[in-house]
Amino acid sequence: MKAFVFPGQGAQFTGMGKDLYDTNPKAKELFEKANEILGFEITKIMFEGTAEELKQTKVTQPAVFLHSVIKAICLGDEFDAHMVAGHSLGEFSALVAAGAMSFEDGLKLVSQRAMAMQKACEAAPSTMAAIIGLDDATIEKVCAEVSSEGNIVVPANYNCPGQLVISGNIDAINAACEKLKEAGAKRALPLPVGGAFHSPLMQPAKDELQAAIEATQFSNPRIPVYQNVDAKAHTDAEEIKQNLIAQLTAPVKWTYEVQSMLADGAREFTECGPGKVLQGMIAKIAKGVEGVTTNGIS
């Protein structure tokens, strides 16, 4: 069985999508529609902007979404997935690709999500850190020990065995990194991000996005969508909406999501969108499972 997976924030690069725009009339039409919806020329920044310009919150998330979704749409019959999933932001791409919501609504929600997250970041000094070479249970334990009221750190992205990203207030992140290195982590690296994504500190963004998601028309997807919050397959539109709302303050359970897809028969994983990050993670998660292949369409 074939699974299509969609990357999240951080996969962007200058020039992303330009080949599609130049060679595919449908892609060009969708990119131009995106410029209208967003109210600025995101295509100019995607195709010609600097890395710094692409890192702007209002640009990064819509840019990765557009590249991924337009690529999936232009595949036509070659988009022969039996199941889909997306990492964080990529879940919105997966939902559009699976027919759970329209291209236009998906883009509007992603843009609102980006702005809401930016506001939440500005409200509380916070960050994230990647912990390499330590088991999940030890990281969870240290986060619980370090956290206190008003100074929290939590597991945020369960990316693959030996790689977990933590999220929280800056002081708590620094304290956790020290303790995790003492506990045997090979590396504990603060990440160059502006806030504590997938943590309780994103509650203001969650509140803002909830209203937008609840006002958006969702349909039952054509194929199962595996979601970040519970790592399970979903085909009910109302369940999907509630999980999408919960996603902003909950951890991304990517390791367990891929394991669920493997258990349900997935053996071919295609990363649809910029970069190859998910392919690397999947290879580690699927280690020891026979017949698993990964490839990318960027």
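## First stop: a cysteine and its neighbours

Select Cys 177 and show what surrounds it: leaving aside residues up to four places away in sequence, Cys 177 touches Ala 129, Ile 131 and Ala 188. Keep in mind as you look around that this is a predicted model. Cys 177 sits in helix 9. Is Cys 177 buried or exposed? Its relative accessible area is 5%, so Cys 177 is buried.

Four strands make up an open sheet with antiparallel pairing, in the order 4-5-3-6. Which strands are at the edges? They are strand 4 (153–160) and strand 6 (187–190), each of which pairs on one side only. From one strand to the next, the twist averages 25 degrees.

Next, select residues 126–132 and 163–169. These are strand 3 and strand 5, which pair in the antiparallel sense over seven bridges. Ala 129, one of the residues that Cys 177 touches, has Ile 166 in strand 5 as its bridge partner.

Helix 9 (residues 170–182) lies across strands 3, 4, 5 and 6, and runs at about 145 degrees to strand 5. Helix 13 (residues 277–285) also packs on the sheet, where it touches strand 4 and strand 5. The direction of helix 13 makes about 85 degrees with that of strand 4.

Select Ala 116 to move on. Cys 177 and Ala 116 are 61 residues apart in sequence, and their C-alpha atoms are 28 Å apart in space. Ala 116 belongs to the part of helix 7 that meets helix 10.

Show helix 7 (residues 103–123) together with helix 10 (residues 203–214): they pack at an angle of about 160 degrees, and their axes are 8 Å apart. Because of that angle, helix 7 is roughly antiparallel to helix 10. Their crossing is right-handed.

For the side chains in this contact, select these residues:

- from helix 7: Leu 109, Gln 112, Arg 113, Ala 116, Met 117, Lys 119 and Ala 120
- from helix 10: Ala 205, Glu 208, Leu 209, Ala 212 and Ile 213

Coloured by class, the contact shows eight nonpolar residues, one polar residue and three charged ones.

Strand 1 and strand 9 pair in the parallel sense here, over four bridges. Ala 3 stands opposite Phe 269 of strand 9.

## Last stop: two loop residues

Select Ser 88, in the loop between strand 2 and helix 6. Ser 88 is not a glycine, yet it has a positive phi of about 60 degrees. With a relative accessible area of 12%, Ser 88 is buried.

Finish at Ala 231, in the loop that runs between strand 7 and strand 8. Ala 231 has a positive phi of about 60 degrees, although it is not a glycine. What is the relative accessible area of Ala 231? It is 4%, so Ala 231 counts as buried.

Note on methods
Residues numbered from 1 in each chain as written. Predicted model: local features only at pLDDT ≥ 70, side-chain atom pairs only at ≥ 80, totals over all residues. Heavy atoms only, no water. Axes fitted to C-alpha atoms, helices over the stretch in contact; angles between N-to-C directions. Parallel < 35°, antiparallel > 145°, perpendicular 65-115°, else oblique. Left-handed = near helix turned anticlockwise from the far one by under 90°. Contact = heavy atoms within 4.5 Å. Nonpolar A, V, L, I, M, F, W, Y, C, P; charged D, E, K, R; others polar. Pairing = 2+ DSSP bridges. Buried < 20%, exposed > 50% of the residue type's maximum accessible area, 1.4 Å probe, protein only.
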